[in-house]
Every structure is written in structure tokens, then in C-alpha cells.
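Hi,

Here is the structure I promised to pass on. Have a look at it first, and my notes on what turned up follow below.

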Amino acid sequence: MTSSTSNSLSPAPVGGPPVTGGPADGAPASATPVWRGRGTRRIGVRVLSLPALLALWQLAAAAAGNPSFVPAPRAVWDQLVLLSTTHDGVRGYSGHLLAEHLGISLRRILIGSALGVAAGLVLGVVLGTAPWIRLVAEPVVTFVRALPPLAYFSLLIIWFGIDETPKLWLLAIAALPPVAVATAAAVHGAPTGLVEAARALGASRWNVIRDVVLPSALPEIFTGVRLAVGVAYSSVVAAETVNGVPGIGGMVRDAQRYLQTDVVVLGLLAIGLSGLLIDGLLRAAETRLIPWRGRT
């Protein structure tokens, strides 16, 4: 009796198989299938939502009964085909294909956003590390951030004319405040313990900023960059109100004058879909370049 009891309670020998049998033992093995099942369901919901949205769009167009007010999906599709090819000697819209309009606008957004992000990073680091400069410059950044793009676009046209320069300046100014604010807040909130430890080890001010402050601030900085690109995207139509053709925003503004609602909707869809693509690329870059985000 005692011998059988002691054998049943004795631990498994070293190197032997562990004692199993609880419901928790199967949890790690089933975690991956559960995650995959959730991902499949999400993809399925998104795929099914597209025809549902198209059906609602078609119902709204039929209820409106006025293509100048709500164009049908087929009308927008027909414009996509027309603006992407050459028909009866007419090439796209105003002599440029839809892809060319979009490409020119994306180039403007890329250049303007790059200038605004670079300036915002430098300004944000200065604001986050120099309190007296932050006291003076932060209200100016907030003031510029509150201004709508059209409020200062007219002034840029007076200064730089109607060519590419005012458009790039507009997009750069629109992209600067989100990056500057996010960078300043992240740099100012860097872990005090790490900063003091680096200084105790003899690190210079620049080394502390480069090796401690910026790595800890990168997640918030990347969020500011994504916001800045989004602001630049939302400002492209304003930037292309004057001499904006070729350009997707200029095409939308020009089509609006002639009540070509289907072209306007097509341009908005092109801007939105390309914006989703670029934001997805930024998120993928963020995941790859900042693997420590969300970890402590």
C-alpha cells in the first residue's frame, strides 16, 4: 500500500517526458489555429463588405435619380476606363492619363512630406531638448497647425508664383507640425533613468540624444510621420487649386467646375486608395524598423 502510493507520487525522472493532461497544455498548440481563424474571418468580412458597399452605392444613386448628384458605380467605372486610355483622339483627362495625374500628385506629396518631416524632426528634437526654445517656438507651431492650408496658400502664391514651388511649400508646411509636436513630446518624455545612466557613464549630450532619447522616441515619431503624410494627402487638393493640372487634385477641382461628379468621385477614390496603400507601407516599415514598439 505504502509502496504503491510512493510510486504514484514520485516525480518523473530527469530527461523523461513531463506529466501532462491538463487543459492548459493544449493552449499553445491551438493558439496559432485560433489566430489564423481570426485573420481569415477578418479578410472574409472585408471581402464581403465591398459588394455590400457597392450595392448601397447603387441604391443611393437610384434613389437620387440624378447622376450629377450621385453617380452610379458603373458611371465611375466607365470614367476609369476612359481616363486610363485614349478614345477618339482624346487622351485621358486634359491630355494626361489618370495614372499620370496620380503620379504627379504623389511626387508632390512625397517631396513636400519629406521636406516637412525632415524639418519637423529637427525642430522637434530642438523643442524637446531646449526648454527655453520650446517656450518660444511651441505656440508658433501650434498656430501653424491650426491654420487650414487654403489660409496661407494665397500668400505662398504671392511669394513664389503659380508653379511647383508654392505647392511643395504648402505640403511641407502642412506636414511639419504633426512631426514636430510628436517628436518634441517623445523626446521630452524620454526615460529619465536611462538618460541619467548614460550621462553617468560619460556620454556626451549628442550621444545621449542619439543612443538613448531618439530610440525611445522613435515609435511616437513614426506616428507623427504617418499623421504628417495623411495631412499632406488631405492638402493635395488645396495645393492643386491653382495650376494643378496635371495632378489628381487639380483634376478633381477642374471636374467640379463642369459638374462631372463621376470624375470627382473617381479622383477621390484614387486619392483614398493610394493613401491606404502608402499608410500600409508606412505601417510595415514601422513594424520592421521599430520591433520594440509596445514592449517594455
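**What I found**

Phenylalanine 160 sits in helix H6. Keep in mind that this is a predicted model. Phenylalanine 160 has a relative accessible area of 34%, so it counts as partly exposed. Together with Leu155, Ile158, Trp159 and Trp169, Phe160 makes up a nonpolar patch on the surface, with about 570 Å² of accessible area in total. Helix H6, which covers residues 149-160, is the main contributor to that patch, with four residues.

Next, helix H11. Seven of its ten residues are buried, so H11 is largely enclosed by the rest of the structure. The buried ones are Ile248, Gly249, Gly250, Met251, Val252, Asp254 and Ala255, and they pack against helices H3, H4, H10 and H12. How do H4 and H11 cross? Their axes are 7 Å apart, at an angle of about 120°. On the H4 side the contact comes from Leu98, His101, Leu102 and Ser105, and on the H11 side from Ile248, Gly249 and Met251. After H11 comes leucine 259, with a positive phi near 55°.

Helix H3 has a couple of things to look at too. Alanine 75 belongs to H3 and is partly exposed, with a relative accessible area of 26%. Alanine 75 and valine 263 are 188 residues apart in sequence, yet their C-alpha atoms are 9.0 Å apart in space. Also in H3, aspartate 78 and arginine 74 lie four residues apart, about one turn of the helix, and their side chains form a salt bridge (3.1 Å, N to O). Arginine 74 is exposed at 60% relative accessible area, while aspartate 78 is partly exposed at 34%.

On to the other salt bridges; the count comes to nine. Glutamate 100 pairs with arginine 91 at 2.8 Å, N to O. Both partners are partly exposed, glutamate 100 at 28% and arginine 91 at 32%. Glutamate 286 and arginine 226 meet at 3.8 Å, N to O. This pair links distant parts of the chain, with glutamate 286 in helix H12 and arginine 226 in helix H9, 60 residues apart. Is glutamate 286 buried or exposed? Its relative accessible area is 7%, so it is buried, whereas arginine 226 is partly exposed at 26%. Finally, Arg107, Arg108, Glu164 and Glu240 are joined in a network of salt bridges.

Cheers

Note on methods. Residues are numbered from 1 along each chain as its sequence is written. This is a predicted model: local features need pLDDT of at least 70, side-chain atom pairs count only at pLDDT 80 or more; totals for chains, interfaces and linings use all residues. Side-chain values use heavy atoms; hydrogens and water are left out. Patches are made of residues with over 30% relative accessible area and no salt bridge: like charges are joined within 9 Å, nonpolar side chains (Val, Leu, Ile, Met, Phe, Trp, Tyr) within 5 Å. Accessible areas come from the Shrake-Rupley method with a 1.4 Å probe; for residues, only the protein chains shown count as cover. A salt bridge is a side-chain nitrogen of Lys or Arg within 4 Å of a carboxyl oxygen of Asp or Glu. Helices (H or I, at least four residues) and strands (E, at least two) are DSSP runs, numbered from the N terminus. Buried means under 20% relative accessible area, exposed over 50%, partly exposed in between (1.4 Å probe, protein chains only). Axes are lines fitted to C-alpha atoms, for helices over the stretch in contact, and angles run from 0 to 180 degrees between N-to-C directions. Contact means heavy atoms within 4.5 Å.
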